[in-house]
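Here's a quick briefing to read with the model open in your viewer. Start with the aromatic rings, then move on to the core, the charges over rings and the strands.

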Amino acid sequence: MRLGRITAALAAVAAVLALAAGCGGARTGATGADATISVYSTEPRSALTPGGAGDAGGFCVLSTLLAGLVVYDEQGKPVNEVASSITPNDDSTVFTVTLGHGWTFTDGTPVTARSFTRAWSYAANPANAQINASYFANIQGYGDLQRSTDGTEQLSGLVVTGDESFEIHLSAPDSILPQKLGTVPFLPLPDSFYDDPDAYASKPVGNGAYRFSSWTHGQDLTVTRNDGYHGAMPARNGGIDFRFYTSTDAAFMDVIAGNLDLLDEVPASKYAVYASTDGIRSYTVPGAETQGLNIPERLAHFGGDEGRLRRHAISMAIDRDLICSKIFHGTRQPAVDFSAPTITGYSDQLANARHLAHNAAQAKELWAQADAISPWSGTLRLSYSADSNDQAWVEAVANQIANTLGISAQAEP
């Protein structure tokens, strides 16, 4: 039995931690606004397309190459980018989108309403096997696409009304839809993508602040400033060299040695010492990220009333305060909402936030109630990405669950 790691409110809300080499050196010999900055990253594991990207490495690269309707500023707040306006109707079931003028992809073709509606429909269509299809589940016609076969059908809820305007018709109200539209799955695609999606994924064409330059697999991917970009977040350097690492510890040492300009994730082994380490400049700011556990209902013992009791018990078996102080050394805070404090709509007053508080006695009682429905057996396995920074906190959670509930639980990379 595996518990996948996704964003949820079971563990600690993450802060963004960044370190910059003291030299701040450019890798091209250029300086100032023309410098190419080397940045820690991991190699994209899946298709380098909005619908197919499924990991942080791919998301980071695509966010530089493609500009969406909305972008998030330095404080994490959404501002219009390609969109000049996104207007809801009275009950937030229909949104009218108007694009700004003059947007083009780096292949010279214009960015139109269809650049968005066609890309979203392609991602939503199960025939195209895109990882991010579920992002479009609330758009009308999503269920119809589930029965399509050739991959070209369009979402009926996306209605193009002009070259620079379209409507989004939802199956249910969603007042915060505009705030979601800056995420990677909602980015546009040029017409050339559909001629050869695999070729595009190896050499993406975008409309963002940067343009694709080169990709040496297993080593790095570079992007250069797109001088044709006129959005809200222009590049302030000549380019970015995404350096691929399998260990944040190795990246940390490269920062100290002056071989890497920026590392935006501190290794777990350095939480206690990074701020006082010589040879780097460091800062800590709140981030728009949550970390936690997801337990699918399809797993044995986790459906129906039994599953509800077991999830409740697991939640109360976790001592988030202890993990935040001992594992993260105060660089995280316990979650009390499904989103991070920097996200619009965040609340620390949710009615059932008490279920996130550590209560070993109640956790045992709830687990026993679940056992009365169907006795537990086997090992609870908590999966995490082997090249992530998550081993320490996932192991801590596994130990807390095992000790509190009296079962076998272990972290599994």
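## Rings, core and strands

Trp120 and Phe166 are both buried. Keep in mind that this is a predicted model. Trp120 is a handy place to start, as the points below keep coming back to this residue.

**Aromatic pairs**

- Searching the whole structure turns up 16 aromatic pairs.
- Take Trp120 and Phe166: their rings sit edge-to-face, 5.8 Å centre to centre with 80° between the planes.
- That pair links distant parts of the chain, with Trp120 in helix α2 and Phe166 in strand β9 (residues 165-169), 46 residues apart.
- Tyr135 and Phe186 make an edge-to-face pair too, because their ring centres are 6.3 Å apart and their planes are at 80°.
- Tyr135 belongs to the loop between α2 and α3 (142-145), while Phe186 belongs to the loop between α4 (177-180) and α5 (197-202), so this pair ties together parts that are 51 residues apart in sequence.
- Buried or partly exposed? Tyr135 comes out as partly exposed, at a relative accessible area of 42%, whereas Phe186 is buried, at 3%.
- Zooming out, ring pairs join Phe116, Trp120, Tyr135, Phe136, Phe166 and Phe186 into a cluster.

**Nonpolar cores**

- The largest nonpolar core has 57 residues, and the ones touching the most other members are Leu69, Trp120, Phe136, Phe166, Ile168, Leu181 and Leu221.
- Which helix gives the most to this core? Helix α2 (residues 113-124) does, with 7 residues.
- A separate core of 41 residues lies apart from that one, with Ala251, Ala313, Ala363 and Leu380 among its members.
- Back at Trp120, and skipping neighbours within four places in sequence, the contacts include Leu69, Phe136, Ile139, Leu155, Leu158 and Phe166. Also on the contact list of Trp120 are Ile168, Leu181, Pro185, Phe186 and Leu187.

**Arginines over rings**

- Arg118 lies over the face of Tyr194, 3.7 Å from the ring centre.
- Arg310 lies over the face of Trp367, at 4.4 Å from the ring centre.

**Strands**

- β10 (residues 210-216) and β11 (residues 220-225) pair in the antiparallel sense, over 6 bridges; within that pairing, Arg211 has Thr224 in β11 as its bridge partner.
- These two strands, β10 and β11, form a hairpin with 3 residues between them, and Gly218 in the turn has a positive phi of about 85°.
- On to the next strand: β11 and β12 (residues 239-244) run antiparallel and are joined by 5 bridges, with Thr222 opposite Asp241 in β12.

Methods. Residues are numbered from 1 along each chain as its sequence is written. This is a predicted model: local features need pLDDT of at least 70, side-chain atom pairs count only at pLDDT 80 or more; totals for chains, interfaces and linings use all residues. Side-chain values use heavy atoms; hydrogens and water are left out. A nonpolar core is a set of buried Ala, Val, Leu, Ile, Met, Phe, Trp, Tyr and Cys residues joined through side-chain atoms within 4.5 Å. Buried means under 20% relative accessible area, exposed over 50%, partly exposed in between (1.4 Å probe, protein chains only). Helices (H or I, at least four residues) and strands (E, at least two) are DSSP runs, numbered from the N terminus. Contact means heavy atoms within 4.5 Å. Rings of Phe, Tyr and Trp (its six-membered ring) pair if their centres lie within 6.5 Å; planes under 30 degrees apart count as stacked, over 60 as edge-to-face and the rest as tilted. A charge sits over a ring if NZ of Lys or CZ of Arg is within 6 Å of the ring centre and within 35 degrees of the ring normal. Two strands pair if DSSP finds at least two bridges between them.
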